[in-house]
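Student: I have a structure to study today. Can we go through it by question and answer?

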Amino acid sequence: MKKVLLVFGTRPEAIKMAPLVKEFQKYPDDFDTKVCVTGQHREMLDQVLHLFDIVPDYDLNIMKQGQDLYDVTSCVLTGMRDVLKETRPDVVLVHGDTTTSTAAALAAFYQQIPVGHVEAGLRTHNIYSPWPEEINRQLTGRIATYHFAPTLLSRENLLKENIPEDKIVVTGNTVIDALHWVVDKIKNDKDLQSSLKSELKESGYDTNRLNEKNRRLVLITGHRRENFGEGFIHMCRAIKALNEKYKQVDFVYPMHLNPNVRKPIVEVFGENMNDQQSNLFFIEPLEYLDFVYLMEKSDIVLTDSGGIQEEAPGLGKPVLVMRDTTERPEALEAGTVKLVGTDFDKIVNEVSRLLDDENYYSSMSKAVNPYGDGKACEKIVSFLK
């Protein structure tokens with residue numbers, strides 16, 4: 001029996017690793033599956049664990065007020081030392097580009113335990129964009145033995161870095177596995193649908209508004225460190241201009257908990273931001289299930305997130321990415337996403353075009369999602385078998 005340890009710490013990682021945990025658990029005769037969470041995100045991580053009914057075997061619980069990258073890296077590194085000594089896994093699986101992933105991979109390397117990198121091979125080749133994610137995934141890629149690449153382009157990136165061909169498997173992205181699982185769960189459960197509508201109404205947005213004739217929804221998220229400061233100010237000003245221009249469109253912005261995200265919102269919209277506009281809704285962060293439900297109801301997604309660039313097109317939603325670069329050029333090539341940076345004019349013009357031009361909207365919404373068919377986890381487990 002092979003001993004497998006899956007390590008993750010943020011909500012996006014948890015969403016993408018949860019279906020993989022469930023897949024390994026289908027084969028108790030082949031795998032002794034253990035889960036370690038670092039708690040790099042706390043509340044948001046716990047929501048996903050609860051949704052997928054995953055109870056971690058180990059929880060480093062590292063999150064503390066005001067922590068920086070030094071804190072996260074050192075706490076994960078030293079915390080993993082004891083976990084690895086106790087579990088003695090045959091392989092450690094980490095995900096993507098978080099500080100948790102890189103520090104956990106390094107901890108495994110120090111004990112000469114092979115690392116499998118899920119969502120391997122994404123690159124912008126600019127170590128400061130996104131920061132610190134780009135260098136995180138490059139470092140993890142140097143440590144990893146097995147590379148589970150979501151796309152052929154990711155595979156090409158790895159081959160150019162002299163990764164042996166037989167150590168790379170193209171799987172699609174596990175986020176599509178998670179998305180299919182959640183959408184099916186919502187569609188097949190009327191009580192859950194009703195509960196989600198109530199939860200969203202409680203959080204500040206009533207989805208019944210979308211029953212009004214011609215009312216549309218733009219869903220907004222923002223959290224990238226590289227956009228802190230002026231970037232977020234420009235984004236907020238663009239949202240304000242759009243909100244004033246399109247009264248038949250609801251703009252819903254679940255605000256990240258980070259003060260660097262909230263401060264510019266207050267600066268641009270004022271302390272009583274929800275009292276001023278009838279179609280602009282600043283709400284608290286949503287649990288994953290609520291977010292997927294709202295994303296499915298939306299018309300356009302405006303974001304600086306990585307995972308949403310893969311998820312939203314799976315639901316036929318055009319994505320405008322508020323970043324200057326993306327490690328997901330397949331989506332750009334496929335036409336499912338477009339880069340607008342934090343440029344006021346670009347954001348306003350592109351959202352306007354999608355709202356005003358049906359043909360343009362259709363060309364993005366009907367483009368084929370390059371991130372797979374929802375069977376990535378099966379392929380990873382099959383390889384490790």
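Tutor: Start with strand β4, residues 91-95. Helices (H or I, at least four residues) and strands (E, at least two) are DSSP runs, numbered from the N terminus. This is a predicted model, where local features need pLDDT of at least 70, side-chain atom pairs count only at pLDDT 80 or more, and totals for chains, interfaces and linings use all residues. Residues are numbered from 1 along each chain as its sequence is written, and side-chain values use heavy atoms, with hydrogens and water left out.

Student: How many residues of β4 are buried?

Tutor: Buried means under 20% relative accessible area, exposed over 50%, partly exposed in between (1.4 Å probe, protein chains only). Strand β4 is mostly covered. Its buried count is 5 of 5.

Student: Which residues of β4 point one way, and which the other?

Tutor: In a regular strand the side chains alternate between the two faces of the sheet. In β4, V91, L93 and H95 point one way, and all are buried. The other way point V92 and V94.

Student: In β4, which residue is the bridge partner of V4?

Tutor: Two strands pair if DSSP finds at least two bridges between them. Strand β1 (residues 2-8) and β4 run parallel, joined by 3 bridges. The partner of V4 in β4 is V91.

Student: And in β5, what is the bridge partner of V94?

Tutor: β4 and β5 also pair in the parallel sense, over 4 bridges. In β5, V94 has as its partner H117.

Student: Why is strand β2 largely enclosed by the rest of the structure?

Tutor: Strand β2 covers residues 31-37.

Student: Is T140 buried or exposed? Which residues does it touch?

Tutor: T140 is found in helix α5. Its relative accessibility is 0%, so T140 counts as buried. Contact means heavy atoms within 4.5 Å. Not counting residues up to four places away in sequence, T140 touches V94, S101, T102, A105 and H117.

Student: Where is S305, and why does it count as buried?

Tutor: S305 is in the loop between β11 (300-303) and α13 (308-314). Leaving aside neighbours within four places in sequence, S305 is in contact with T221, H223, R224 and R323. S305 counts as buried because its relative accessibility is 11%.

Student: What is the C-alpha to C-alpha distance between S305 and G222?

Tutor: Along the sequence, S305 and G222 are 83 residues apart. In space, their C-alpha distance is 6.8 Å.

Student: How far is the backbone nitrogen of I308 from a polar atom of the S305 side chain?

Tutor: A polar atom of the S305 side chain lies 3.4 Å from the backbone nitrogen of G307. For the backbone nitrogen of I308, the distance to a polar atom of that side chain is 3.4 Å.

Student: Where is I127, and why does it count as partly exposed?

Tutor: I127 lies in the loop between β5 (115-118) and α5 (133-143). It counts as partly exposed because its relative accessibility is 36%.

Student: What is the C-alpha separation of S195 and D290?

Tutor: S195 lies in helix α8 (residues 190-203). At 29% relative accessibility, S195 counts as partly exposed. S195 and D290 are 95 residues apart along the chain. Their C-alpha atoms are separated by 9.5 Å.

Definitions and conventions. Polar contact = N/O pair within 3.5 Å; in protein donor to acceptor, adjacent residues only side chain to side chain.
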